[in-house]
Amino acid sequence: MTTALITGSTAGIGAAFARRLAADGHNLVLVARDTERLRDQATELHDAHGIEAEVLTADLSTDAGIESVEKRLSDPRLAVDLLVNNAGFANKGRFLDVPMADELTMLKVHCEAVLRLTTAGVGGMKTRGRGGVVNVASVAAFLPRGTYGASKAWVVQFTQGVSRDLTGSGVRLMALCPGFVRTEFHDRAGMGTDNIPGWMWLDADKLVTAALADLARGKTVSVPDPRYKALMGVVKLAPRGLLGGVTSKTGRKYGPQ
């Protein structure tokens with residue numbers, strides 16, 4: 001059996017990846033901050049699918065947390081074949097309203113952790129000549145909208161650059177860029193979602209199915225829904241000045257309340 005390591009595995013997109021990969025017969029390394037939730041998740045997936053689910057409690061906003069996952073990814077005796085860098089969060093408020101410490105914590109989780117864990121995982125994958133990394137970004141990466149979008153833009157650019165550098169190695173990298181997904185994400189950030197139109201919401205399980213299909217096809221960037229593909233097509237054609245104004249208003253309407 002192959003093994004997948006998923007950060008932020010206990011909720012939302014991470015939990016959907018865990019369910020799908022377990023159903024497909026992959027052993028799992030489940031990474032999150034809440035040990036009790038991790039253990040419950042591991043037991044549930046083991047009982048449902050007969051796979052081995054290892055629990056690794058780690059806070060990726062800390063050096064110690066990142067180092068513990070780096071160590072697991074670098075262990076040559078326990079190879080990880082697929083890494084899903086999913087852990088992430090958003091801060092409530094406009095720029096300058098958010099404390100600098102919170103902004104830096106977000107960058108540590110979204111950028112530093114992704115850089116370090118990708119590096120730790122890809123080294124062994126390259127040696128074995130196979131493997132994959134999914135770095136969860138967002139369609140916000142393509143919009144001029146605050147620190148969150150900027151951090152996700154970094155994830156996309158980083159993933160594309162590393163993918164090019166590893167061409168021919170047997171290791172695939174992909175940035176996953178979803179839109180609004182029904183998860184705990186917005187509640188944790190204290191963001192209101194009542195004004196978000198129903199058509200903009202995506203189902204996490206369907207999202208993961210589309211993402212894994214894109215990874216298998218060798219895509220380096222996945223926007224896994226026709227609605228958001230169309231929206232991103234419009235974004236590419238829109239003047240940057242106009243786009244900045246629109247996304248700012250959209251952020252105020254659909255973002256923190």
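Leucine 166 counts as buried, because its relative accessibility is 8% and the cut-off for a buried residue is under 20%. In this predicted model, leucine 166 is found in the loop that runs between helix α5 (146–165) and strand β6 (171–176).

Once residues up to four places away in sequence are set aside, leucine 166 touches Val122, Lys126, Val171 and Leu173.

## The chain as a whole

The chain has 257 residues, and buried residues make up 48% of them. Its secondary structure comes to nine helices and nine strands. Among the contacts in the chain with a separation of 6 or more, 70% are accounted for by residues 24 or more positions apart.

## Strand β4: leucine 83 and asparagine 85

Leucine 83 lies in strand β4 and has a relative accessibility of 0%, so that leucine 83 counts as buried. Leaving aside neighbours within four places in sequence, the residues in contact with leucine 83 are Leu5, Leu73, Leu117, Thr118, Met125, Gly132, Val133 and Val134. With valine 133, which is 50 residues away along the chain, leucine 83 has a C-alpha separation of 4.7 Å.

Asparagine 85 also lies in strand β4, and at 4% relative accessibility asparagine 85 counts as buried. Which side chains are joined to that of asparagine 85 by a polar contact? The side chain of threonine 118 is joined to that of asparagine 85 by a polar contact of 3.2 Å, and the side chain of asparagine 135 by one of 2.8 Å. Not counting residues up to four places away in sequence, asparagine 85 touches Thr7, Val114, Leu117, Thr118, Val133, Val134, Asn135 and Val136.

Asparagine 86 has its place in the loop between β4 (82–85) and α4 (100–128). With a relative accessible area of 13%, asparagine 86 is buried, since buried means under 20% relative accessible area.

The side chain of asparagine 86 reaches the backbone oxygen of glycine 8 at 2.9 Å. Glycine 8 is also listed among the contacts of asparagine 86, which, leaving aside neighbours within four places in sequence, are Thr7, Gly8, Ile13, Gly14 and Val136.

## Helices α1 and α2

Helix α1, which covers residues 12–23, and helix α2, which covers residues 35–49, have axes that come within 9 Å and cross at roughly 25°. This angle makes α1 roughly parallel to α2, because angles under 35 degrees count as roughly parallel. The crossing of the two helices is right-handed.

On the α1 side, the residues that take part in the meeting of the helices are Ala15, Ala18, Arg19, Ala22 and Ala23, and on the α2 side they are Gln41, Leu45 and His49. Sorted by class, the contact of α1 with α2 has five nonpolar residues, two polar residues and one charged residue.

Note on methods. Residues are numbered from 1 along each chain as its sequence is written. This is a predicted model: local features need pLDDT of at least 70, side-chain atom pairs count only at pLDDT 80 or more; totals for chains, interfaces and linings use all residues. Side-chain values use heavy atoms; hydrogens and water are left out. Axes are lines fitted to C-alpha atoms, for helices over the stretch in contact, and angles run from 0 to 180 degrees between N-to-C directions. Helices (H or I, at least four residues) and strands (E, at least two) are DSSP runs, numbered from the N terminus. Angles under 35 degrees count as roughly parallel, over 145 as roughly antiparallel, 65 to 115 as roughly perpendicular and the rest as oblique. A crossing is left-handed if the near helix is turned anticlockwise from the far one by less than a right angle, and right-handed if clockwise. Contact means heavy atoms within 4.5 Å. Ala, Val, Leu, Ile, Met, Phe, Trp, Tyr, Cys and Pro count as nonpolar, Asp, Glu, Lys and Arg as charged, and the others, Gly among them, as polar. Buried means under 20% relative accessible area, exposed over 50%, partly exposed in between (1.4 Å probe, protein chains only). A polar contact is a pair of N or O atoms within 3.5 Å; within protein, one must be able to donate a hydrogen and the other to accept it, and residues adjacent in sequence count only if both atoms are side-chain atoms.
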